[in-house]
Number of protein chains: 2
Amino acid sequence: MSSQLPSLMAPPAELLSPIHIPQHLLMGPGPTNVSERVAKACGNQIIGHMHKECFKIMDEIKAGLRYAFQTENSWTLAVSGPSHLGMEAVLVNLLEPGDKVLIGVNGLWGNRAMDLANRLGAKPIALRQELGKSFSLSKIERGLSKHRPKVLFLVHSESSTGVMQNLIGVGDLCRKYKVLLVVDAVASLVGVPFFMDDWKVDAVYTGTQKAIGAPPGICPVSFGRRAVKVIETRKTPIKSYMLDMNILTIQWGCHVNLPRIYHHTPAVNLLFALREALAEVVEEGLENLWKRHAQASARLRAGLLAMGMKLFVEDEKDRLLTVTTIVIPDGIEWRKVTQYVMDTYNMEISGGLGPSVGKVFRIGTLGVNATPEKVDLALQAFKEGLEFARLKARL
Amino acid sequence: MSSQLPSLMAPPAELLSPIHIPQHLLMGPGPTNVSERVAKACGNQIIGHMHKECFKIMDEIKAGLRYAFQTENSWTLAVSGPSHLGMEAVLVNLLEPGDKVLIGVNGLWGNRAMDLANRLGAKPIALRQELGKSFSLSKIERGLSKHRPKVLFLVHSESSTGVMQNLIGVGDLCRKYKVLLVVDAVASLVGVPFFMDDWKVDAVYTGTQKAIGAPPGICPVSFGRRAVKVIETRKTPIKSYMLDMNILTIQWGCHVNLPRIYHHTPAVNLLFALREALAEVVEEGLENLWKRHAQASARLRAGLLAMGMKLFVEDEKDRLLTVTTIVIPDGIEWRKVTQYVMDTYNMEISGGLGPSVGKVFRIGTLGVNATPEKVDLALQAFKEGLEFARLKARL
């Protein structure tokens with residue numbers, strides 16, 4: 001064999017050492033830690049993606065996601081990639097070149113949607129709001145009325161700034177102006193109330209690695225009837241094969257009368273893990289999950305205020321209950337704090353992201369980590385980290 | 001909380017039962033089974049994608065992939081999605097609207113690339129060949145000379161038909177005609193020789209779930225200097241944020257002078273698993289892996305011929321050593337055979353895919369399953385399956 005072949009490169013020595021995976025307590029904005037049950041499922045031996053047992057797991061995931069999104073949409077499934085691919089899945093299916101899309105920009109994720117819409121040849125229009133604030137219904141209506149877009153894109157959970165967007169009433173405005181309502185619910189789903197059907201959300205994507213408590217790398221999406229109709233009657237091809245919902249939904253068994261056809265090979269281990277995380281969601285129940293996340297968040301905020309911290313989001317009703325943002329006190333180098341917490345507690349808490357870098361700390365209370373014990377530990381670690389950084393600043 | 005909220009849907013009962021993941025021996029064209037070490041890594045607790053330990057794992061993956069591809073390309077990394085997303089990553093970065101791309105079509109994967117290039121607004125031109133045959137250098141040169149494309153796309157391992165494409169000499173032709181050479185090596189890498197740099201391949205993607213022996217859902221890619229230059233000097237934006245190599249390579253630390261910046265949250269569990277699979281590749285060594293896969297394939301083919309089977313790929317030099325295609329004998333319902341093998345042996349062997357459906361059986365000898373014991377078991381199961389189907393046909 002080797003006579004006509006070139007000589008081999010030397011094997012890389014770094015792969016001859018054992019892998020090093022530390023145990024970290026993830027109290028940042030996600031990914032969060034997963035339960036033992038979820039981790040175990042992820043470490044299972046592979047099965048084929050076209051085996052009937054895999055289809056059953058996918059059907060269970062669909063049922064769990066319909067419950068999590070509170071929707072009866074048949075096009076409810078998981079895209080094979082991270083939450084960002086979920087954003088792409090929603091926009092690449094709904095937008096055609098030249099389509100106007102009004103995008104609420106009050107943090108990183110709105111900016112990312114602007115960037116993506118531009119790449120897709122659509123016409124993104126920014127509806128801007130200060131960092132740390134949400135959009136009022138009247139501001140949204142003015143935007144819809146002025147720009148008459150095809151799609152309105154809002155971030156339910158702006159994890160870069162810790163803002164939650166009220167969605168009650170937005171769907172009605174969108175129907176009034178014949179606009180599709182697209183929502184990023186990455187950092188909020190199952191951590192705070194979300195009612196896709198009742199709130200008239202036309203398309204949504206979320207993160208598995210946040211309150212759902214599964215690993216990252218697979219992204220739940222759901223499309224309502226109005227969105228499906230837009231996708232089915234496009235004039236131009238969808239600029240992706242992987243994300244083309246017309247065919248991906250066939251593999252996922254979303255069509256009553258169509259047998260499943262191979263589309264691509266999904267990450268079967270992540271299907272196992274997501275199925276188990278959703279089973280835990282169903283077992284605990286959404287109302288209990290919302291309550292647990294609200295309590296963890298309240299405990300965290302009370303502790304922060306008692307320490308003299310200032311929350312970045314001023315209006316209480318704008319505060320995201322899964323990711324809390326804290327104003328960096330004057331004279332504190334934020335990296336010193338997060339580094340101390342990691343070095344001393346093997347715990348992640350985060351600085352800002354994108355436009356909030358240097359402005360905030362972010363502490364997440366997500367999934368298995370939304371408990372009083374973890375919150376108290378995070379408060380203790382954060383307090384020590386601040387003291388450490390203050391001391392360093394004085395030296 | 002619930003006063004203003006609608007009432008909840010009932011929790012789905014199917015998620016209250018335990019998950020069922022059977023143990024299957026995967027002797028189809030992939031995914032294949034993974035080693036215990038790889039499965040265990042996949043089941044680890046999550047760490048953050050921006051933690052230094054995760055960057056180290058990503059660096060180890062890059063080193064392992066450079067070895068597997070036999071390349072020194074700095075833009076060697078893994079895309080967060082299945083192999084199909086790897087195809088999209090390569091084409092969406094290299095193609096602009098109107099660009100001519102010549103695509104070797106001799107099975108499903110060439111068809112998929114045609115479809116994708118069309119979606120991206122490029123001008124795909126099919127260079128066609130009969131199913132079961134590869135492209136000769138002279139045919140390739142005639143195509144390049146006639147069409148003068150920007151990109152030539154060839155499938156190294158046409159797993160739908162079991163054909164391997166010779167690549168020696170193709171790179172030189174592409175340089176002669178100033179064409180970029182893009183290769184799909186999904187089902188071949190580390191199972192058969194592949195020398196990216198020596199063969200002058202400009203961009204490549206592969207599958208983790210084939211001979212590499214990792215789970216599916218993450219896709220190794222590599223871009224050489226000529227491809228990078230084309231990407232860096234595009235006139236139109238890349239129609240995807242997730243796959244934009246200019247920025248994704250920064251998160252992966254592919255630029256000597258650029259610190260890593262957050263791009264997206266990758267599937268950290270799949271990074272763990274891929275790292276361990278690549279460590280096993282390095283420990284065994286490419287030459288040993290090629291030899292083991294060649295021996296497993298030879299044993300399988302000898303057994304099939306002894307049973308009176310006919311191989312679908314007539315010319316021995318066109319035969320892919322990782323996936324063997326077998327002509328379905330007259331009067332045999334292929335589904336009866338594969339179903340028998342699954343029911344009796346919990347083993348997957350496959351029918352055809354796309355254009356080869358109803359024409360072939362496909363048996364894979366990939367990764368941990370490329371051993372004499374597994375081959376003998378597959379031969380036994382297949383033989384019984386054929387007898388079962390013959391009996392059923394007579395009844």
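In this predicted model, 30 residue pairs make polar contact between chain A and chain B, with both partners at pLDDT 80 or more. Six helices of chain A each supply at least two residues of the side that touches chain B: helix 1 (36-42), helix 2 (52-69), helix 3 (83-94), helix 4 (108-119), helix 9 (268-284) and helix 10 (286-306). Helix 9 of chain A gives the largest share of that side, with ten residues. Sorted by class, the side of chain A that touches chain B holds 54 nonpolar, 29 polar and 17 charged residues.

Charged pairs also bridge the two chains. The rule finds two salt bridges across the interface of chain A and chain B. In a salt bridge between the chains, the side chain of A:Arg119 meets that of B:Asp244, at 2.9 Å from N to O.

The extent of the interface comes next. In contact terms, 100 residues of chain A touch 100 residues of chain B. Together, chain A and chain B bury about 8500 Å² between them, and 68% of this area lies on carbon and sulfur atoms. Within chain A, the residues that lose the most area to chain B are A:Leu8, A:Leu15 and A:Arg119, which together account for 9% of what that side buries.

How are the two copies related? Chain A is superposed on chain B by a rotation of 180 degrees with 0.0 Å of shift along its axis, and the RMSD is 0.0 Å. That is the relation of a two-fold axis. The same surface serves both copies, as 100% of the contact residues of chain A recur in chain B. To find the rotation axis on screen, A:Gly43 is a handy landmark: of the residues of chain A, its C-alpha comes closest to the axis, at 1.8 Å.

Turning to the chain itself, the UniProt record, an unreviewed entry, places the feature "domain: Aminotransferase class V" at residues 46-376 of chain A. This span is 39% helix and 15% strand, and its end C-alpha atoms lie 39 Å apart.

Some details of the backbone also deserve a look. Most residues other than glycine have a negative phi, and most peptide bonds are trans. The peptide bond from A:Gly30 to A:Pro31, however, is cis, with omega near 5 degrees. A:Pro31 sits in the loop between strand 1 (25-26) and helix 1 of chain A. In chain B, a cis peptide bond joins B:Gly30 and B:Pro31, with omega about 5 degrees, and B:Pro31 lies in the loop between strand 1 (25-26) and helix 1 (36-42) of that chain. A:Val190, although not a glycine, has a positive phi of about 70 degrees. A:Val190 belongs to the loop between strand 8 (180-184) and strand 9 (203-205) of chain A.

How values were computed. Residues are numbered from 1 along each chain as its sequence is written. Chains are lettered from A and ligands numbered from 1 in the order in which they are written. Side-chain values use heavy atoms; hydrogens and water are left out. Copies are superposed by least squares on the C-alpha atoms of residues with pLDDT of at least 70 in both. Contact means heavy atoms within 4.5 Å. UniProt positions are given in the numbering used here, feature names are shortened, and annotations may be inferred rather than shown by experiment. Helices (H or I, at least four residues) and strands (E, at least two) are DSSP runs, numbered from the N terminus. Buried area is the accessible area (1.4 Å probe) that two parts lose on being put together, summed over both. A salt bridge is a side-chain nitrogen of Lys or Arg within 4 Å of a carboxyl oxygen of Asp or Glu. A polar contact is a pair of N or O atoms within 3.5 Å; within protein, one must be able to donate a hydrogen and the other to accept it, and residues adjacent in sequence count only if both atoms are side-chain atoms. Ala, Val, Leu, Ile, Met, Phe, Trp, Tyr, Cys and Pro count as nonpolar, Asp, Glu, Lys and Arg as charged, and the others, Gly among them, as polar.
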